[in-house]
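Let's take a walk through this structure together, one piece at a time. Keep the sequence and the 3D view open as you read.

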Amino acid sequence: MTTRRSFLTQTIGTSAVVSLGAAVPEFLLQAGVAASQPNDETILVMVQLSGGNDGLNTVAPFTQNAYRKARPTLAVQSSDALKIDSSYGFHPAAQGLSRLLEENRLSIIQGVGYANPNRSHFESMDIWHTCRRKTAVRTDGWLGRYLEANQSGQALDLPAIHLGHEKQPLALSSQSIRVPSVKSLDRFRLKDQSKKLSEAVTRIGGTTSSGDDLLGFVQSSTGSALSASQQIEAASGNYKPGITYPDSGLAQKLKTVAQLIDSGLKTRIYYVTLDGFDTHSRQAPAHAALLRELSGALESFVTDLNEHGHGDRVLTMSFSEFGRRLKENASEGTDHGAAAPVFLAGNRVAPGLIGKHPSLTDLQDGDVKFHTNFRQVYATILDKWLGVESAPILGGKFASVPALQS
Amino acid sequence: MTRHFSAASLLCGLLVTAVAHSNANAQADLNTDERSAFELLPASCLAVAQMPHPDQLLTTLTEHNVWKKVQQQPQYNEAISNPGYMMFLGIRTHIETQIGMKWREAYDTLLGGGITIAFDPETEGVVALVRSADADKLQSTANTLIELGRADARSKGNEPLPEDEYREVTVYGKNDARFAIVGPWIVMSNKDELGKKVLDTLLDGARASIQDSDNFAAARKSISGEPTVWSWVDLGTIRDAGLAKGLEPNRTENPIAELLFGGVLTNLRQTPYVTASLYVTGKSTRLELSAPHDNQWVEEFREYWFGPDGNGTADPPLDTESTILSISTYRKVSEMWLRAGDLFDERMNDELAKADANLTTFFAGKDFGEDVLGSFGPAMQILVNRQDFNDVMPKPALKLPSFALAGHLENAEETQTELRRTFQSMVGFLNIIGAMQGNPQLDQDIDIYRDNKIYTASFVPEPDEKESERARIQFNFSPSLAFAQDWFFIASTKQMAKDLVDATQNAQTTRGAASNTAIRLNANTLSEALDDNRDQLVAQNMIKKGQTREESQHEIGLLLESLTLFKGMSFDMKTTGGELKLELSIQTKN
Amino acid sequence: MPQDIGAIDPNWAWSTFKPSTEQPWNRRLAAHLCRRAGFGATSRELNDLVKQSPAEIAHAFVENAKQASQRDPETDSLATAMLATGNSQNLAAWWLHRMLNSPWSGGEAASTSPLLEKLTLFWHGHFATGAEKVDDAEMMFTQNQLLRHHALGNFGAMTQEISRDPAMLIYLDSTTNRKAHPNENYAREVMELFCLGEGNYTEGDIQELARCFSGWEVRRKKFRFNKYQHDTGVKTILGKSGKFGGEEGVNVVLNQKALPRFIARKLIRFFVFDEPAAPEQLVEPLARLLRQSELRIGPVVERILASNLFYSQSTVGRKVRSPVELGIGLLRCLHGSTNLELVARGLEEIGQAVFYPPNVKGWDGGRTWINTSTLLGRSNLIGQLLRHETTRFAGNNLEMLAQQNGVSASDKLVAWLDEQLLAVPFDGTARAGLIDVVETATGNKSQRIAELIHTMSTVPQFHLA
């Protein structure tokens with residue numbers, strides 16, 4: 001465990017500590033102690049695939065005639081598929097996913113969806129976010145309700161962070177907690193002359209001793225903020241990712257998430273999105289590019305977290321608002337569908353295929369049927385990963401899915 | 001106001017610097033040296049810039065209309081009555097007395113023979129040669145100024161300018177900044193080795209100089225007229241030495257840059273040299289970049305840029321009295337789209353693949369690259385016009401210019417139908433979105449104008465909005481699609497579509513050699529279009545600077561006023577007479 | 001040390017503050033008043049204010065604000081220009097311009113007043129409506145003018161008007177309201193958030209009030225009463241029965257005893273201290289005044305701003321500065337001007353985008369302003385404002401500002417800034433540290449002063465006002 005003194009040396013530089021001598025401000029010491037406590041809380045990273053990812057071409061049933069017949073131009077050929085077993089394989093662009101599976105770090109939950117599937121992007125996404133249908137009041141999301149249920153008295157760090165330029169996902173909304181949408185790491189870093197500034201602030205801000213509770217609160221918050229800034233600055237300055245992240249938007253977002261996790265923030269929920277999955281025409285090259293981006297980013301992220309010793313406490317989940325129609329359309333694309341696979345990535349997943357691949361002959365309105373309610377996946381994460389009771393958050397008890405190591 | 005002040009101080013600084021670099025040890029026999037600066041530069045120099053007549057440039061500038069207008073501004077008088085400027089004048093007068101010349105006379109005398117600067121990669125040094133018009137005056141002035149400078153340094157406790165000797169020539173300064181005066185020449189360099197080479201040539205006569213390089217000679221020959229500043233870069237040698245990493249054939253990730261300048265890259269990978277000439281006259285300032293060009297160099301994947309056999313030329317712009325900006329260019333965009341694999345890096349290709357899927361969906365299953373872009377001819381234009389709102393109701397509060405894309409259809413009959421259908425579904429789509437957002441609806445109509453069809457859609461005002469002078473921003477637009485022979489126009493307003501139909505029928509002659517790309521900006525119409533929105537500009541300025549209305553009104557007034565000094569700006573890119581030429585010109589009013 | 005709030009004598013608390021030798025009326029106290037009643041004051045304004053008594057000033061502030069609130073909003077051509085762009089974010093910059101440029105001196109010419117803008121901001125948080133959902137700058141502007149018009153006037157009239165305000169009704173999903181399915185959203189907020197507070201009504205009261213609003217609709221951005229959809233039956237709200245329409249329904253709520261207490265408590269939290277919650281005995285005298293003045297806000301605000309409690313240790317430095325108070329306040333005090341779109345974006349990053357409150361409850365304020373991200377954001381925003389290319393102080397730079405105020409020497413400069421910007425003065429050690437900052441800083445004089453102010457405003461004490 002880090003001592004107070006060594007913490008101060010790391011965060012505000014030796015010179016400041018020496019010059020401060022014995023008069024080290026109390027507010028910084030408190031923050032120092034807080035920051036030096038081991039951080040072993042589990043973290044959830046959500047990767048939303050917007051537009052409706054084609055599950056049938058992500059995990060392809062390449063041996064089945066029904067598949068090849070329905071998709072004369074788009075079907076993944078058995079020679080190209082990255083084999084999961086003798087019957088199913090990843091799209092050839094999803095090499096990262098395939099490697100994660102080989103390392104036992106990927107769980108593929110098949111046939112996830114919900115009853116009476118809605119095929120509007122907005123409506124279906126809202127259902128995934130809120131767990132409620134249109135007829136109910138939908139002002140908060142499932143993660144927002146989780147955050148509310150788990151408010152600690154005085155959380156100094158943000159409970160959740162949405163990273164990206166798009167509108168904040170409804171999943172994070174709640175009555176009382178405001179989750180920031182962050183565009184870059186700069187939100188957690190002092191910009192101008194940060195070292196000099198934090199040294200001076202430490203020297204000046206700590207000297208007014210006071211029994212004032214409100215001032216004490218601002219003082220300890222300032223201590224935490226300066227220490228987070230220093231850690232993020234140190235982390236981004238000589239952050240050595242365990243792997244070179246691809247130069248894609250999603251990979252860069254996940255790299256930022258990795259840096260934030262490594263900087264010691266107490267944030268437990270991170271949310272990123274990748275858009276563009278609405279492939280109605282000329283699907284093949286576009287979908288390949290998207291899967292390359294997704295799988296490259298996920299693989300780098302998981303590898304990087306392991307390099308920095310966070311592999312055991314971070315779980316990443318990717319989902320899309322729906323899958324796509326089995327039969328391809330006349331524009332070499334696919335239309336909105338229903339059930340699709342959900343991926344969980346991390347060290348503590350139960351690796352491999354979970355549940356059956358949905359039948360290609362028993363269809364509903366041309367789409368494969370779900371057999372696992374998405375709320376079951378949420379319940380598994382809430383109960384077994386985040387350690388809270390899922391029923392009040394999801395509005396009912398849902399059986400968990402054996403996708404995590406027990 | 002600070003700008004005028006600093007321009008003046010810059011001039012004077014130049015003078016002082018030039019004069020300060022003087023030497024009593026001039027070699028008397030060199031006083032009438034007739035050699036050109038180029039003969040003195042070592043052959044290893046690969047880049048040169050020369051201003052042959054600095055005195056003429058200053059005359060042009062001080063007699064320039066813009067400068068005279070500036071002097072009439074109250075701000076100018078304010079600036080020259082400020083204490084800093086007064087002090088500067090005092091110092092200037094003091095120096096004038098000491099050297100016995102007025103500053104302007106000194107400037108003309110000392111720099112009159114021209115300034116030449118060269119880069120030598122061998123020593124990684126830069127050398128500057130200044131030739132004065134009068135060797136004797138140079139010598140005496142230099143002595144005076146060096147002594148003045150040394151006295152000043154001593155009084156401030158600084159080290160006075162040190163000196164040294166090389167082959168009986170006094171060399172002033174130290175380390176990476178030294179100069180010497182030999183006859184009418186001032187030689188300055190940041191590298192001793194390079195400086196010595198030049199001094200050796202000066203003292204001993206003939207040595208291999210850049211004058212002997214074929215590459216340089218060819219470049220000199222290509223000069224047209226009398227540039228105020230001329231420069232040359234031996235790109236061939238630099239490239240062969242592996243010093244031009246930026247030109248190595250990497251695929252780019254920037255489609256816009258490729259579309260605009262991809263062809264320039266093709267040229268720079270092969271051409272032996274590049275020259276830049278700056279012409280400053282009372283009427284215009286023109287920068288011309290040129291490089292030898294051979295159509296054989298054009299890679300197959302860049303044919304979209306140069307056209308078959310390198311003959312791709314843009315149409316003369318369809319501009320009218322109200323045109324603010326026109327961009328006319330030759331680009332076979334569909335070819336670029338289809339050859340993306342050769343032009344762009346993997347990531348960009350992934351992005352384009354995603355875009356292609358979306359666009360193909362949008363155009364009802366038509367292949368975007370092949371069918372949609374493929375139906376357009378390579379000569380394209382983008383025009384921006386000022387709108388006349390005099391007889392229009394409602395008038396929008398924010399008065400935007402209209403704009404249009406104009407071009408030719410490859411297969412007019414068939415493609416017209418396609419475009420019309422896409423236009424109509426687009427309008428329908430906008431109406432649905434608009435209805436959801438409470439925006440006004442578009443009403444579709446077909447207009448026959450000079451026997452040509454214009455498909456148009458105009459916004460329907462709410463009853464209480466019909467006579468409004470502060471209507472919503474939408475009332476700047478009446479999206480239109482028009483055809484005339486093989487022309488097509490996609491315009492933001494019906495009026496603009498009509499203007500373009502007119503423009504095609506009023507046959508135009510090509511002005512000058514046909515360009516690959518020609519851009520014209522008309523300062524007059526730009527200024528009028530801005531003036532239409534003066535209130536808006538003032539408000540924006542108040543917000544952007546947080547200042548009061550009076551301050552902002554003043555600032556915007558000045559901006560619009562200063563625009564009236566200019567006529568316009570133009571940019572041309574051509575491949576003619578074995579050269580690739582880029583010309584940027586700014587014209588001022590007389 | 002703050003006093004024990006529960007032990008404060010209510011009579012003393014709300015009596016008029018009379019300066020004494022122990023607590024003289026000086027620039028620092030005047031600065032406290034201006035921070036709370038507005039967004040701070042320039043040094044010159046403080047010099048003028050110390051010549052008058054606190055009670056006179058409170059009265060003048062309220063009078064100026066009242067006059068400004070009655071001026072014709074149509075004459076605000078800056079707002080019209082911003083509206084032409086149709087973007088509510090530009091409207092935010094317009095409002096910040098108004099906050100920054102309102103003079104304390106009042107007078108005939110002044111069409112704005114800092115207190116009026118501060119109260120409008122208070123009501124904007126009270127009747128919170130978010131531009132993201134309303135998605136129409138014009139409607140947001142209309143609502144903003146409504147709040148400004150009534151800011152110091154009659155709370156009842158304001159509530160009646162806000163009940164028909166299109167932006168509010170859109171925000172609370174009440175654009176259609178049929179008798180078969182009356183929308184309870186607005187009725188609930190009238191009771192819970194706008195007038196009474198939890199515990200002063202039942203679910204049944206909400207349902208009955210919702211029936212009164214049936215037939216109230218928004219069509220083409222305007223309020224419309226659709227009589228065919230109005231439920232004409234008898235409703236029973238909070239013990240009163242009748243064939244109430246919407247207006248009568250609101251009147252029943254406005255006549256509740258709980259209302260003056262609810263509003264008085266909120267005003268105390270806004271103007272006096274964040275925490276703890278004011279005890280009943282402190283709320284009651286203001287509630288009584290509100291009732292006696294028939295729900296007029298002006299007299300209550302004047303009473304607060306002139307009171308003993310307002311100038312006491314329980315109040316000074318006992319509020320966390322809101323982002324707007326922080327950003328606009330700093331500029332306002334130092335006679336600064338800058339790009340206000342930049343300020344608007346910066347304020348959004350640290351949690352207060354005007355016209356975009358987080359939810360129908362408005363901004364919670366107090367400690368919720370503060371977390372890791374917002375504290376760093378506050379420091380970064382001030383750093384950016386101080387050094388931005390468009391920023392000017394006293395029409396020029398910080399060096400000029402210091403010169404104009406005769407505070408060029410480091411110790412004088414620190415003391416001057418401390419008096420202007422901080423509620424509770426720094427002690428000697430802290431001041432010495434600040435003098436050291438300005439003297440060891442690099443760059444020209446203005447840059448060194450910028451570094452000083454940047455440091456000062458990152459120190460924890462600065463966030464308390």
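In chain A, helix 11 (residues 249-262) packs against helix 12 (residues 283-307) at an angle of about 20°, and their axes are 8 Å apart. Axes here are lines fitted to C-alpha atoms, for helices over the stretch in contact, and angles run from 0 to 180 degrees between N-to-C directions. Helices (H or I, at least four residues) and strands (E, at least two) are DSSP runs, numbered from the N terminus. That angle makes helix 11 of chain A roughly parallel to helix 12 of chain A; the label goes to angles under 35 degrees, while those over 145 count as roughly antiparallel, 65 to 115 as roughly perpendicular and the rest as oblique. The crossing of helix 11 and helix 12 of chain A is right-handed. As for handedness, a crossing is right-handed if the near helix is turned clockwise from the far one by less than a right angle, and left-handed if anticlockwise.

Before going further, note that this is a predicted model: local features need pLDDT of at least 70, side-chain atom pairs count only at pLDDT 80 or more, and totals for chains, interfaces and linings use all residues. Residues are numbered from 1 along each chain as its sequence is written, and chains are lettered from A and ligands numbered from 1 in the order in which they are written.

Two residues are in contact if their C-beta atoms, placed from the backbone, lie within 7 Å.

Zoom out to the whole of chain A, and you'll find 14 helices and 14 strands. Of its 406 residues, 55% count as buried. A residue is buried if 20 or more other C-beta atoms lie within 10 Å of its own, exposed if 12 or fewer, and partly exposed in between, with C-beta atoms placed from the backbone. Among the contacts in chain A with a separation of 6 or more, 74% are between residues 24 or more positions apart.

One backbone detail in chain A is worth a look. Asn104(A) has a phi near 60°, a positive value in a residue other than glycine. You'll find Asn104(A) in the loop between helix 6 (95-102) and strand 5 (106-113) of chain A, and Asn104(A) is partly exposed because 13 other C-beta atoms lie within 10 Å.

Now for the neighbours. In chain C, 32 residues are in contact with 33 residues of chain A. Helix 20 (372-387), helix 23 (428-440) and helix 24 (445-456) of chain C each supply at least two residues of the side that touches chain A, and the largest share, 8 residues, comes from helix 20 of chain C. That side of chain C has 12 nonpolar, 15 polar and 5 charged residues.

Chain C also meets chain B, where 17 residues of chain B are in contact with 22 residues of chain C. Here the largest share of chain B's side, 7 residues, comes from helix 21 (residues 534-545) of chain B.

Last stop: two cis peptide bonds. One runs from Met393(B) to Pro394(B), with omega near -10°, and Pro394(B) sits in the loop between strand 12 (376-385) and strand 13 (402-409) of chain B. Another runs from Glu275(C) to Pro276(C), also with omega near -10°, and Pro276(C) lies in the loop between helix 15 (258-271) and helix 16 (280-292) of chain C.

Methods: Ala, Val, Leu, Ile, Met, Phe, Trp, Tyr, Cys and Pro count as nonpolar, Asp, Glu, Lys and Arg as charged, and the others, Gly among them, as polar.
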